[in-house]
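Please look over the model shown here before reading on. The points below take its side-chain contacts in turn.

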Amino acid sequence: MSLPAMPPPGFDELSPAEKLEYVQALWDRVALHPEAVPALEWHREIIAERLAAHRAGQGSSRPWDEARRDLLSRLRAAQR
């Protein structure tokens, strides 16, 4: 898989928050069909290990929406 040579026109002129929103929107579109996203075998192995640890009650986790809200809040606070 190759990376695009350049970001889409106008991307560099966006604010950091707008860039993050753009990237999130792209990710949301990709995530609609996770089966189409290629994954390396070692990525699958790590995911399987972490899922097994989670199911065994090891480590910690929280819902993505909560983690995302926290990260966005930290980003906004850092921009002030």
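This is a predicted model: local features need pLDDT of at least 70, side-chain atom pairs count only at pLDDT 80 or more; totals for chains, interfaces and linings use all residues.

1. Arg62 is partly exposed, with a relative accessible area of 42%. Arg62 forms a salt bridge with Glu66, and their closest N and O atoms are 3.7 Å apart. Glu66 is partly exposed as well, at 36%.

2. Arg62 also meets Asp70 in a salt bridge, at 3.2 Å from N to O. Asp70 is partly exposed, with a relative accessible area of 23%.

3. Asp70 in turn forms a salt bridge with Arg74, with the closest N and O atoms 3.1 Å apart. These two residues sit four apart in helix 3 (residues 64-79), so about one helical turn separates them. Arg74 is exposed, at 56%, because exposed means over 50% relative accessible area.

4. The structure holds three salt bridges. They link Arg62, Glu66, Asp70 and Arg74 in a network.

5. Now the aromatic rings. The count is one aromatic pair. The ring centres of Phe11 and Tyr22 are 5.5 Å apart and their planes stand at 65°, so the pair is edge-to-face. Phe11 lies in the segment before helix 1 (16-31) and Tyr22 lies in helix 1, so the pair ties together parts that are 11 residues apart in sequence.

6. Are the two partners buried or exposed? Phe11 is buried, with a relative accessible area of 16%. Tyr22 is partly exposed, at 35%.

7. Tyr22, Val23 and Leu26 make a nonpolar surface patch of about 250 Å². Leu26 is found in helix 1 and is partly exposed, with a relative accessible area of 43%.

Conventions. Residues are numbered from 1 along each chain as its sequence is written. Side-chain values use heavy atoms; hydrogens and water are left out. Rings of Phe, Tyr and Trp (its six-membered ring) pair if their centres lie within 6.5 Å; planes under 30 degrees apart count as stacked, over 60 as edge-to-face and the rest as tilted. Buried means under 20% relative accessible area, exposed over 50%, partly exposed in between (1.4 Å probe, protein chains only). Patches are made of residues with over 30% relative accessible area and no salt bridge: like charges are joined within 9 Å, nonpolar side chains (Val, Leu, Ile, Met, Phe, Trp, Tyr) within 5 Å. Accessible areas come from the Shrake-Rupley method with a 1.4 Å probe; for residues, only the protein chains shown count as cover. A salt bridge is a side-chain nitrogen of Lys or Arg within 4 Å of a carboxyl oxygen of Asp or Glu.
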